[in-house]
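Please walk me through this structure.

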Amino acid sequence: MDNRGFQQGCFNSFQSSSSDEDLVDIPGTAMNFSLRDDVPPLDGEIEEDKSYNGGGIGSSTRMMDFLEEPIPGVGTYDDFNTIDWVREKSRDRDRHREITNKSKESTWALIHSVSDAFSGWLLMLLIGLLSGSLAGLIDISAHWMTDLKEGICTKGLWFNHEHCCWDSDQVTFENKDKCPKWNSWSQLLISTEEGAFAYIVNYFMYVLWALLFAFLAVSLVKVFAPYACGSGIPEIKTILSGFIIRGYLGKWTLIIKTITLVLAVSSGLSLGKEGPLVHVACCCGNILCHCFNKYRKNEAKRREVLSAAAAAGVSVAFGAPIGGVLFSLEEVSYYFPLKTLWRSFFAALVAAFTLRSINPFGNSRLVLFYVEFHTPWHLFELVPFILLGIFGGLWGALFIRTNIAWCRKRKTTQLGKYPVIEVLVVTAITAILAFPNEYTRMSTSELISELFNDCGLLDSSKLCDYENYFNSSKGGDLPDRPAGAGVYSAMWQLALTLIMKIVITIFTFGMKIPSGLFIPSMAVGAIAGRLLGVGMEQMAYYHHDWAIFNSWCSQGADCITPGLYAMVGAAACLGGVTRMTVSLVVIMFELTGGLEYIVPLMAAAMTSKWVADALGREGIYDAHIRLNGYPFLEAKEEFAHKTLAMDVMKPRRNDPLLTVLTQDSMTVEDVETVISETTYSGFPVVVSRESQRLVGFVLRRDLIISIENARKKQDGVVSTSIIYFTEHSPPMPPYTPPTLKLRNILDLSPFTVTDLTPMEIVVDIFRKLGLRQCLVTHNGRLLGIITKKDVLKHIAQMANQDPDSILFN
């Protein structure tokens, strides 16, 4: 950022700054902050009513002496900057204290106080209702458009395949998907569905629809909302840590993400909607925050709302309200006070209830692959469950390394300049490979539902094609049976599906369309689990006299449940990729409704995390945060190096002196010159250049806005006017320009450490307080400054990584 020419026109840039909801068009651009000494944050706005009623901690109530009201824009943040958590919390405490004091004065003030306290719960209610409604709309639309690739319903174009055949009298268990009212494209175009030509017509139409959906998705993202691409969770984590990315949670992003998510899922690509649903829910939360002053004007309070919105997003994605709250706490949230826990639970509950009321799948379930198992598991089965955990950890580590390598190649080569071509090529390859195999042709959610299924007598799936050598006229669990030809055929098809999913997901995640990773990861694990489960089932049937089986599995008993293995495998692979543990187990438990399967899920999830951590410490979202250079301080990592604050602060030895402002000896022109010749986000204020005694810290943005306001509204302020950061200015000789007092934009209590403070403590302070910068002193004299970016660069350097990678791009 070059601020030269400041005096002529840099003020005007603040007047045209866009709000959180404004469209941000960034294709083909790279945002380079290498010159910026502060690390960027995420969600600020400059609006006429967004003001800051207290400079630093302990400052007085009026912003500037020559103004009766606070200056619009002071106390807000630039795009791609970090919020000041301490200042935001202080502002909220001041606001709450003022409301409490006024509530004792009148009935109207008391009502206002009560409404202010209730506004948080009302906001959670609205977020839950909106998130659940959008999730239901996405589910219904995606189901219909997925079926559109194979045919249409003649009794109503708006019916998907299942709804079209619901009331048909000609549907049989063997051919439950065939009914007269549902016509494939070959029936519509050439009036037959038999023969090679009909197969080719259906094949062509399947690929054509997939390409059309993918093209529409990537085009809408590229033209209208570039921030609508990807999963959104890495950016949500960064935003919740205090970073500001305007437009990422705005209304255009919400609209385009909702539409393109349906298109991307319907195209048949190896992606899911669960991660993007978190982004959608957070967009809902951010937009609804604008209806409540308490959250619109305070970035820290807004992030509490976004944490609850993330919980609502997972709640509607998996039908797991408790798992959603734990996911927000474990995986995405940076600051999660107790009141946010309860509000998150309420928002997740309302969202799940709303989705249940919509009933998108027509089965009174919140997800397509809800399943219930009734057969207990045996202690010996922990061995194959742990093997699935090892597989999940290996898959997670492999996926993260290869996907990050491919995404880095996309960012650093010409490939990144052609997102539409990339999406169309991957879609074409996926569709061409998927159509011949029924398990790749169906949607990934349907595949998982098929793999989780516990076979019954009436199931016509090839996975349930067992040979029945018994007579059963009563209900109950079916005994283990020998596999029929259909099962063996399905095993080969699933093996091919597993290979395809593993490979194609690597290239799909990270493209310029909405793409979640939960469902593809679960599909990989579910396939591996089902294959292992069927193998164990057949081994128990044919070798029930072996020592490992004879004590608990007698001939004719129902010993092994392959669907349970699929579920455990799905949890293992999802845990290996995301490194989720507690929230993952709870989500899977809520999916199955069986308490007895918590131990297998825990064993697989923990084994998966241990194996994946042994091969690489980062989960997929943390890896993408580092790849994109987001300024995110991971709270889970320990800093164990013996360095001191003086080793990291700026300036270093032989560097130019630290740029500072003095409290009572600089003119407006001097300050404007400092601003125009530097790119720092703020400046320490000292008593004098000789003493270097620290007075406070002032933000660049607040200085620019305050000086501009003074030139407009205070008569006589000129370039030679003295700027005072002191409480009282000395009497001035006659005919001298009036002084400009800016004490009220000065943070009088900036966080400071001594030069001998261990960096281990400094890093901990930055993490726990969410600091933007920290001043370094020695015996009260200012020595230097440490910014969040300096801390991130130092951590990268200590880990033998490129410190210049800490650069938002």
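**A guided walk through the model**

Arg95 and Asp92 sit three residues apart, about one turn of the helix, and both belong to helix 3 (residues 85–102). Helices (H or I, at least four residues) and strands (E, at least two) are DSSP runs, numbered from the N terminus. This is a predicted model, in which local features need pLDDT of at least 70, side-chain atom pairs count only at pLDDT 80 or more, and totals for chains, interfaces and linings use all residues. Residues are numbered from 1 along each chain as its sequence is written, and side-chain values use heavy atoms, with hydrogens and water left out.

Start with the charges. Side chains of opposite charge can pair when their charged atoms come close. A salt bridge here is a side-chain nitrogen of Lys or Arg within 4 Å of a carboxyl oxygen of Asp or Glu. The structure holds 22 salt bridges. One of them links Arg95 to Asp92, with the closest N and O atoms 3.3 Å apart. Asp92 is buried, at 11%. Arg95 is partly exposed, at 24%.

Arg95 has another partner. A salt bridge joins the side chains of Arg95 and Asp116, at 2.9 Å from N to O. Arg95 lies in helix 3 and Asp116 in helix 4 (residues 107–148), so this pair ties together parts that are 21 residues apart in sequence. Asp116 is buried, with a relative accessible area of 12%.

Now look at helix 29 (residues 759–769). Asp764 and Lys768 both lie in this helix, four residues apart, about one turn. The two form a salt bridge, and their closest N and O atoms are 3.3 Å apart. Asp764 is partly exposed at 32% relative accessibility. Lys768 is exposed, with a relative accessible area of 66%. Back at Arg95, salt bridges that share partners join Asp92, Arg95, Asp116 and Lys294 into one network.

Next comes helix packing. Axes are lines fitted to C-alpha atoms, for helices over the stretch in contact, and angles run from 0 to 180 degrees between N-to-C directions. Helix 4 and helix 10 (residues 274–289) cross at roughly 140°, and their axes come within 9 Å. Helix 4 and helix 10 are therefore oblique to each other. Angles under 35 degrees count as roughly parallel, over 145 as roughly antiparallel, 65 to 115 as roughly perpendicular and the rest as oblique. Helix 4 passes helix 10 in a right-handed crossing. A crossing is right-handed if the near helix is turned clockwise from the far one by less than a right angle, and left-handed if anticlockwise.

Which residues of helix 4 and helix 10 make the contact? Helix 4 contributes Leu123, Leu126, Ile127, Leu130, Ser131, Leu134, Ala135 and Ile138, while helix 10 brings Leu277, Val280, Ala281, Cys284, Gly285, Leu288 and Cys289. Contact means heavy atoms within 4.5 Å. The residues divide into 13 nonpolar, two polar and no charged. Ala, Val, Leu, Ile, Met, Phe, Trp, Tyr, Cys and Pro count as nonpolar, Asp, Glu, Lys and Arg as charged, and the others, Gly among them, as polar.

Move on to helix 16 (residues 419–434) and helix 19 (residues 485–508). Their axes are 11 Å apart, and the packing angle is about 165°. Helix 16 and helix 19 are therefore roughly antiparallel to each other. Helix 16 passes helix 19 in a left-handed crossing. The contact uses Glu422, Val426, Ile429, Thr430, Leu433 and Ala434 of helix 16, and Met500, Ile504, Phe507 and Thr508 of helix 19. Seven of these contact residues are nonpolar, two polar and one charged.

Why is helix 23 (residues 582–592) largely enclosed by the rest of the structure? Nine of its eleven residues are buried, so helix 23 counts as largely enclosed. Among the buried residues are Ser583, Val586, Met588 and Glu590. Their cover includes helix 12 (299–318), helix 20 (518–542) and helix 24 (598–615).

Finish with the backbone. A cis peptide bond, with omega about 5°, joins Lys650 and Pro651. Pro651 lies in the loop between helix 26 (645–648) and strand 3 (661–662). Asn359 is not a glycine, yet has a positive phi of about 55°. Asn359 lies in the loop between helix 14 (338–358) and helix 15 (382–412).

Methods
Buried < 20%, exposed > 50% of the residue type's maximum accessible area, 1.4 Å probe, protein only.
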